[in-house]
Amino acid sequence: MAHAAIELKGIDKSFGSVHANRNISLTIPAGTIHGIIGENGAGKSTLMSILYGFYQADRGEIFVKGERAAILSSSDAIARGIGMVHQHFMLVHNFTVLENVILGAEGEPLLKTSIAKARSELNRLERDYGLEVDPDAIIEDLPVGLQQRVEILKALYRGAEILILDEPTGVLTPAEADHLFRILLQLKEEGKTIVLITHKLREIMAVTDNVSVMRQGALVATRKTAETTVEELAELMVGRRVLLRVEKSPVSAGDVLLSVRNLTVRDSRGVTMVDDVSFDVRAGEIVGIAGVAGNGQTELLETITGIREAASGSVFLAGRPVAVTGGADPADLRERGMAHVPEDRHHMGLVLPFEENENAILGYHRQKKYLKGPFLDIDAIRQDAREKIEKYDIRPADCRLKTANFSGGNQQKIVLSREMEQDPDVLIVGQPTRGVDVGAIEFIHRRLVEMRDKGKAVLLVSVELDEIRSLSDRILVMFSGRIVGERGPDATEGELGLLMAGVEGKEAAA
Amino acid sequence: MSAPYAKLPAWADYGLIPLINLTVAFIVAGLVVLLVGENPLRAAVILVDGALGRGQAIAYTLYYATSFIFTGLAVAVAFHCSLFNIGGEGQAYVGGLGVALACLAFDRVFPWWLTFPIAIAGAAVFGAAWALIPAYLQARRGSHIVITTIMFNFIAASLMVYLLVNVLKPPTLQAPSTRTFLEGGQLPKLNFMIEAMGLSVRSSPFNVSFLLALLAAFLVWVLIWRTRLGYEIRTRGHSPKAARYAGIGEARIIIVTMLISGALAGMMALNPVMGDQNRLQIDFVTGAGFVGIAVALMGRSHPAGIVPAAILFGMLYQGGAELAFEMPGISRDMIVIIQGLVILFAGALEHMFRPSLQTLFATVRPASVGAKAERAGGV
C-alpha cells in the first residue's frame, strides 16, 4: 500500500492546565474520507489546528505522505497539500468568487494575468468536481452553501490533496448538506483525502470510510464506518449511553404568555424581513419556528426581545403590550419575565474577552443581588457564577477563565444558565445547539423541556429540523418573512421541508 | 474553533512587549543621534541622568508625568468603550479655563485647600463639557468621534486665544494671560517628598496634583472594573451587539464615557495652571493631550500601566530638555523626534512584535501559553 496521507504519532498538546491532546496517534489512508467526531472541547479542533500549523504540538510527529513534516504555519501546511475549510468562512464579502479564490495566491503584482489564469483553473476544478459557482458573483450575494463551495475551491486552487473540513454542515440546509456530501464523494473519487470534523453522527454514517472518536483530548477509538452504529459512536463520544430522542410528557398548555400580532419588520435598507406575522405562545408549550436560515427568524427574535424596532404590529407579554415599534428596552423586558438566548452567542449573548462570571450577569447586571450601590459585588457575582457552573456542569469549572476559552457547548451553557436561572415566564431561544456537541445537546434539550413542564412559554427558533421536531408542541414554518404553515409535532421531515422551501418549491436544492 | 495564535502569559504581555518596543525605539533613536554626529551612548546617559540623576530632575520628571497620567487615563477610559478620544488636548485646554475661573474667583478669600476642590470641579466640568458635543454627535448622529474630537482641539485653541486676549487678560498685561493667582489659588509643592529621600530640590513645579493624579488612577480602576457603569462601558467597548442585547443604551453609555474622559483630560490643567504657572496662559497644554494617547496605548489602558508609562514620558520630556541643553548637536527638534519614535514603537506599533513573540512562545514554552495564562487582564 502507498503511504498514508497523514500519519500522526504521539501528538500531545497542553494549554496551561488544559490537556487538549493526549498522545494521539492516527493514520488516515490516502483517498478516503475520515471522520473525526467528539464533543466540543474534546480536542478535535486543536488537533486539526496542529495539522494546519496554527499550533505546534508539545510532543509528537506528523508525517504527510510518508514524509516527516514540520508544520510551523498554515503556509507550510498548504505547501504540503493540506487545505482547510473553516467552520466560519474566511471570505472577503464584497469581493467576487474569483478574487477570493486567488486571495493570498495572486502570484504577481498585476491582477489581470493571474485572474485570467485563475479563471481557467477554476473552470477546470468546477468541471472535475461538480463545484459549479459563478466566478464573478459577489460573495455576499451567494447563499451559504455556495460560499462554502468557494472555500473548497480556494483550497483546491492551492493544490490541496488533503482537505480538512471543520463542522461543514453547521450552516447548511439538509439539501445543501446532501449536495456537499456528493461533492466530497466526488473528490474522493479523484483521489483526494478528506478529513471531516463534525459532531453530527448521521453525517459520519453517510459519507465516511473510517471514523475516529475523541473524548477529553484522547483518541478513544477508530472504527470502519461500515462496522459501527450511531449508538456505539454516541456512547464512545460521551463515555456513557445517550438518549438521542427527548423524552416528553403530553402538552398541557395554559394562558397565552406571548402574543405576536401582524408584526412587520424592515431592515436598514427598507427590505421587509418579517411580513405580517402573528402567533401565540402559551404557558407550558414549546412553539418551534422552522425555516432555512435567513428567512426572517433572526429579525423576528430580535424584534420580540426589543433589540430591533418593528415597522408595524404589536407584541404582548402576559397581556401587556411591548413597545416594539419604538422604545422597547431589553432590560425592561427582562424585568417583565422574558429571557432570551440569542442566536449569535459570540457577539450578542456573550462578551468573549470577559471572564466567565462577568458574562454570567450580562443583562441582569442591574439586579440588586449583584450590586453594592454603584459597585459590582464581585464576591456575590463569582459565587453566583460558581453555582451555575456546578448546576449546568460548565467546563472547565473556572469562573475567572476568559469566556473565549470555553468550547461552544460550554459557552452556550453559560448563556442558558444565565437566562434560565432567572426563572423567566417566557423564554425566547435561537439556535440553542448550533456548534454544540451531542452530550451538551441532550442536556440543553432536557433543560428546555423542563422549562416547558414548569409552565413556561418557550419560543424556539432553529434551523435544525430534528431539533424542532423533537422539542416543539407546535411547529410554525417561516419562509421569506412569512409564517407559511403550522403543523403538529408529528409532521414529517418531507412535509416541513417543502414548506421551508416555499410552497412553490422555488428554493429547491441550492 | 480556537484562536489561531497562542496567547502570551501576562508577564510577557505587560512587561516584555513594552520593554522590547522601548528598546527598539531607543536603538532607532540612537541611529538618529549617530546620524547628526553625536555619541548615542553619551546621549542616553545624559537623557537618563537628566531625568533621574538629581532630586531636581526627578521633581521635573514627576511634574510632567502628572499631566500625562491625567490625559492617559482620559484616553484609556474612552478606549474601554472603544471610543478614540483624540480631543484630550482641547479638553485639557478648556479645562484650564475652569481652573482659572475658580482660582480668580476664590483666591482672595479661600486658602488653597478650599479653592482646590472647586478648581477640580471646574476643570472636570469644563473638560467634560468640551467632550460632550463630539460625544453627542457620535451617539445621536454617528459622526465619528475621532474626527470631531480633533476638530474640537482646533476650536478650543481658537476659543482660548480669544478669551485670553479679549476677556481674561488684565489691561496692564502685555502677554495674553490672566493675572497671577494669589496664594489661595496656588497648589503647594511636593518637593519635600523628594527631599525626604535625601535629595535636594532647588525649585520645581512638582505639586500636589501629582497625588490627585494617583488617586484618579485608582478611581479609574475602581470605575472600570468594580462598578456597574464600568461593566457597561466594557461591554459596549467589546461588543456593541452584546450591549444592545443587555439593554445598555448605546447613546447614554457613549455620552457618559466621554464625559468622564473629558473630565479627566480637563483635570490635567490643574497641574500646570494651578500647580506651576499660577495663571492661565496660551498653549499651556503643550501636547500632553496627544502624549496621553501614547501613554494609554503603552499602559494597555490599565491604570497600573498608565502610571509607569506616564513617568517614562515624563523622563523623556525632562531628560530630553537636558539633552538639548548639553549636546550642541541635538536641538529641541531632535528631542521631539526621539519622543516621536517612542510613541511610534510603544504606541502605534504596539502590536508589531506580538505575532513573532507569540510564535516563539508557542514553540519554546508551549505549556505556558493558553487557557490559564489568558485570564482577562483586568484584575
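## Handedness and model

A crossing is right-handed if the near helix is turned clockwise from the far one by less than a right angle. Helix 5 of chain B crosses helix 11 of chain B in this right-handed sense. The model is predicted.

## Chain A: two domains

Chain A splits into domain 1, residues 6–238, and domain 2, residues 256–500. The C-alpha centres of these two domains of chain A are 31 Å apart.

Contact between them involves 14 residues of domain 1 of chain A and 17 residues of domain 2 of chain A. On the domain 1 side, helix 8 (residues 230–238) of chain A gives the most, with three residues. That side of domain 1 of chain A holds seven nonpolar, five polar and two charged residues.

## Chain B: overall build

Chain B has 16 helices and zero strands. Its radius of gyration is 22 Å, close to the 21 Å that the globule rule gives for 379 residues, so chain B is as compact as a globular protein of that length. Along the principal axes, the C-alpha atoms of chain B fill a box of roughly 70 × 60 × 35 Å.

Chain B is also assigned two domains. Between the C-alpha centres of domain 1 and domain 2 of chain B lie 27 Å.

## Helix 5 against helix 11 in chain B

Two packed helices are described by the angle between their axes and the distance between the axes. For helix 5 (residues 112–141) and helix 11 (residues 250–267) of chain B, the angle is about 145° and the axes are 6 Å apart.

## Helix 8 against helix 14 in chain B

Helix 8 (residues 209–226) and helix 14 (residues 303–326) of chain B cross at roughly 155°, and their axes come within 9 Å. Angles over 145 degrees count as roughly antiparallel, so helix 8 of chain B is roughly antiparallel to helix 14 of chain B. The crossing of helix 8 and helix 14 of chain B is right-handed.

Helix 8 of chain B makes the contact through Ala217(B), Phe218(B), Val220(B) and Trp221(B). Helix 14 of chain B contributes Pro303(B), Ile306(B) and Val307(B). The residues of this contact between helix 8 and helix 14 of chain B are seven nonpolar, no polar and no charged.

Methods: Residues numbered from 1 in each chain as written. Chains lettered and ligands numbered in written order. Predicted model: local features only at pLDDT ≥ 70, side-chain atom pairs only at ≥ 80, totals over all residues. Domains from an automatic or database assignment. Contact = placed C-beta atoms within 7 Å. Helix = DSSP H or I, 4+ residues; strand = E, 2+ residues; numbered from the N terminus. Nonpolar A, V, L, I, M, F, W, Y, C, P; charged D, E, K, R; others polar. Axes fitted to C-alpha atoms, helices over the stretch in contact; angles between N-to-C directions. Parallel < 35°, antiparallel > 145°, perpendicular 65-115°, else oblique. Rg over C-alpha atoms; globule rule 2.2 N^0.38 Å.
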